[in-house]
Amino acid sequence: MTDGLRFAFGTLSVLPVRVDRWDRPTAGRAMLWAPLVGVVLGGLAALLGGGLRLLDGGPLLGAVACVAALAALTRGLHLDGLADVADGLGSNKPAADALRIMKASDIGPFGVVVLVLALFTQVAALAQAFGGSARLGAFGVVLAAATGRASLLRGCLDGTPSARPDGLGATVAGTVLPRSALVTGVLLVAAAAGGGWAAGGAGTAGLRLAVGALLALACGLGCAALLLAHCVRRFGGITGDVLGAMVETATTAALVVWCLFAAA
């Protein structure tokens with residue numbers, strides 16, 4: 001499990017972690033740790049954004065800081081995947097040609113538009129949450145980051161094919177066993193509900209935000225699953241870019257739902 005934890009942090013973040021094993025069994029264990037990576041990265045981003053909010057920097061500045069921190073902590077890996085998938089899907093070309101477009105180093109018009117809209121949506125949703133309080137905004141970014149990485153469990157679930165014979169997608173595709181994913185999912189649900197309750201405090205507010213956290217988690221994972229299904233039909237399987245796009249899709253959807261409850 002230590003090798004899997006190293007693999008997770010080494011591939012999903014810029015944190016200085018040495019990765020010694022790159023085999024498929026280790027990759028499968030790593031994906032089970034992916035939500036924890038999200039919690040850590042989201043916590044670091046929340047410290048920055050929440051700190052600015054507490055220092056009267058304003059909700060918008062706190063939100064921008066959180067989104068920027070998450071991008072920096074991953075070197076924009078998932079954002080790049082989102083843009084590449086948008087270009088591939090938007091090209092309306094056969095699977096082989098679309099995959100070549102996604103692998104190219106440049107970014108096309110579809111990628112630019114989707115990337116800008118996703119970032120604007122994340123900032124707007126977080127600003128709304130930070131408008132409620134620094135605590136609500138901080139928990140929102142942790143919840144969203146964990147939800148985004150939890151979508152990788154579905155993306156790498158046993159039976160999910162790889163669109164290419166090599167690359168990160170081929171290494172992790174189909175490596176997560178359903179039983180292991182279920183255990184991780186139960187733990188994540190419990191953590192989301194508990195965190196939402198704590199963010200809202202005791203009584204009705206805590207219960208409302210616990211429900212909001214669970215709905216944000218479910219919505220994020222559901223949107224990522226829909227994207228996965230479309231990409232598998234379109235490309236014949238997953239790639240590293242598809243997984244990155246799933247992370248950003250789940251993150252954005254979770255933030256949108258959470259801000260509706262945080263601002264109520």
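**View 1. The end of helix 10 and the glycine that follows.** Gly236, which comes after helix 10, has a positive phi, near 90°. Helix 10 covers residues 204–235, 32 residues in total, and spans 46 Å from its first C-alpha to its last, close to the 46 Å expected at 1.5 Å a residue. The expected span is 1.5 Å times one less than the number of residues in the helix. Helices are DSSP runs of H or I with at least four residues, numbered from the N terminus. The model is predicted: local features need pLDDT of at least 70 and side-chain atom pairs count only at pLDDT 80 or more, while totals for chains, interfaces and linings use all residues. Residues are numbered from 1 along each chain as its sequence is written, and side-chain values use heavy atoms, with hydrogens and water left out.

View 2. Ile107 is found in the loop between helix 5 (95–103) and helix 6 (109–132).

**View 3. Leu77 and Ile107.** Leu77 belongs to helix 4. The C-alpha atoms of Leu77 and Ile107 are 14 Å apart in space, and the two residues are 30 apart in sequence. Leu77 has a relative accessible area of 40% and is therefore partly exposed, the class between buried (under 20%) and exposed (over 50%). Ile107 also counts as partly exposed because its relative accessibility is 42%.

**View 4. The largest cavity.** One cavity of 30 Å³ or more is found in the whole structure. The largest cavity holds about 90 Å³ of space. On a 1 Å grid over the protein atoms alone, a cavity is a set of points where a 1.4 Å probe fits but cannot get out, a pocket is an open set with protein on both sides within 12 Å along at least five of seven lines, and lining residues have an atom within 4 Å of a point. Among the residues lining the largest cavity are His78, Arg149 and Glu248. Helix 3 gives the largest share of this lining, three residues.

**View 5. The largest pocket.** The volume of the largest pocket is about 390 Å³. Its lining has 25 residues, of which Leu168, Gly169, Thr239, Gly240 and Asp241 are the closest to the centre. Helix 4 provides the largest share of the pocket lining, five residues.

Conventions: Helix = DSSP H or I, 4+ residues; strand = E, 2+ residues; numbered from the N terminus. Buried < 20%, exposed > 50% of the residue type's maximum accessible area, 1.4 Å probe, protein only. Points joined across faces, edges and corners; volume = space filled by probe spheres on them.
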